[in-house]
Amino acid sequence: MGKLLLALFLLATLPTISHSQESGKSSLFFSEAIGKNIRKYRINSRKAYIRKDEERAQFLFDSLVNHVVKNTYLDNFKVRKFSGRKVSMNDFEKPMYLITYASWCTPGIGEIPALNDIVDAHYQEIDFVMLFWGSKKKIRRMKRGLNNKITVLYVDEKENRSDFVIRCMKHSLGFPTSFFIDADKKILDVRRNFFHPYSEDYTSSYNNNYQTYSSGISLLTTEE
């Protein structure tokens, strides 16, 4: 009787174990962790932006990342390459530098050249991925200037509207935002991309952006 009860218990708990400890992972997935905390963050963050208290808004973002998002595992959601082929996050096997972007974001004069040079230096050890929202026509123009070793993914608002993880990336964490993810899909950090004055000269813009990207690279390479 005791063995039977034990067997029934294991069968009952197996789905939960496989969900939260897939491939030996003991931490929560990103969507699970943020789903438990996002409502309070959104309310407080909205209040901060209404008051134009950018320091408070940044503090809330950093707290969400440090206490909720870090060390969770990226969900294996699916989106499409710009060519139309569907891919999943688990298709990327290297550490991942994931940048969320939108067609209405205007890059600084040195931002894309700095990113392209970083990619040339590190593409063999890191998967560089840009996840775009917005107008495909505008994204296509921006894509022409990107290093061809960057994987450009496109969020179709109709196709992906039920994906909670994608909604959180857009409406809660915003963009441009960088996710630093190790080869096991553990999220090491999330950072809002540094905004540089659009009036600054090319050299200053390039150097500032290059330094920002290099900082993210250091985080990914030290985890190897």
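Biologist: How many helices and strands are in the chain?
Modeller: This is a predicted model. The chain holds both kinds of element, and the count is eight helices and seven strands.

Biologist: What percentage of the residues in the chain is buried?
Modeller: The chain has 224 residues. Buried means under 20% relative accessible area. By that cut-off, the buried share is 44%.

Biologist: Among contacts between residues at least 6 apart in sequence, what share joins residues at least 24 apart?
Modeller: Take the contacts in the chain between residues at least 6 apart in sequence. Those joining residues at least 24 apart make up 72%.

Biologist: Are α3 and α4 roughly parallel or roughly antiparallel?
Modeller: Their axes come within 8 Å and cross at roughly 165°. Angles over 145 degrees count as roughly antiparallel. So α3 is, relative to α4, roughly antiparallel.

Biologist: Which residues of α4 meet α3, and how does the contact divide by class?
Modeller: From α3 come Ile-38, Tyr-41, Asn-44, Ser-45, Ala-48 and Tyr-49. They meet Arg-56, Ala-57, Leu-60, Phe-61 and Leu-64 of α4. By class, this contact has eight nonpolar, two polar and one charged residues.

Biologist: How are α3 and α7 oriented to each other?
Modeller: Helix α3 covers residues 38–50 and helix α7 residues 164–173. Their axes come within 12 Å and cross at roughly 15°. Angles under 35 degrees count as roughly parallel. The two helices are therefore roughly parallel.

Biologist: Which residues of α7 make the contact with α3?
Modeller: The crossing of α3 past α7 is left-handed. On the α3 side, the contact is made by Ile-38, Tyr-41 and Arg-42. On the α7 side, the residues are Phe-164, Cys-168, His-171 and Ser-172.

Biologist: Are α5 and α8 roughly parallel or oblique?
Modeller: Helix α5 spans residues 111–122, and helix α8 spans residues 202–221. Their axes come within 8 Å and cross at roughly 40°. The crossing is right-handed. Angles under 35 degrees would count as roughly parallel, and the pair is therefore oblique.

Biologist: How many nonpolar residues does the contact of α5 with α8 have?
Modeller: On the α5 side, the residues include Pro-113, Leu-115 and Ile-118. On the α8 side, they include Tyr-206, Tyr-210 and Tyr-213. Four residues of this contact are polar and two are charged, while the nonpolar ones number nine.

Biologist: Is Val-190 buried or exposed?
Modeller: Val-190 lies in strand β7. Beyond four places in sequence, its contacts are Phe-61, Val-65, Val-69, Thr-177, Ser-178 and Phe-179. Its relative accessibility is 4%, so Val-190 counts as buried.

Key. Residues are numbered from 1 along each chain as its sequence is written. This is a predicted model: local features need pLDDT of at least 70, side-chain atom pairs count only at pLDDT 80 or more; totals for chains, interfaces and linings use all residues. Side-chain values use heavy atoms; hydrogens and water are left out. Axes are lines fitted to C-alpha atoms, for helices over the stretch in contact, and angles run from 0 to 180 degrees between N-to-C directions. Helices (H or I, at least four residues) and strands (E, at least two) are DSSP runs, numbered from the N terminus. Angles under 35 degrees count as roughly parallel, over 145 as roughly antiparallel, 65 to 115 as roughly perpendicular and the rest as oblique. A crossing is left-handed if the near helix is turned anticlockwise from the far one by less than a right angle, and right-handed if clockwise. Contact means heavy atoms within 4.5 Å. Ala, Val, Leu, Ile, Met, Phe, Trp, Tyr, Cys and Pro count as nonpolar, Asp, Glu, Lys and Arg as charged, and the others, Gly among them, as polar. Buried means under 20% relative accessible area, exposed over 50%, partly exposed in between (1.4 Å probe, protein chains only).
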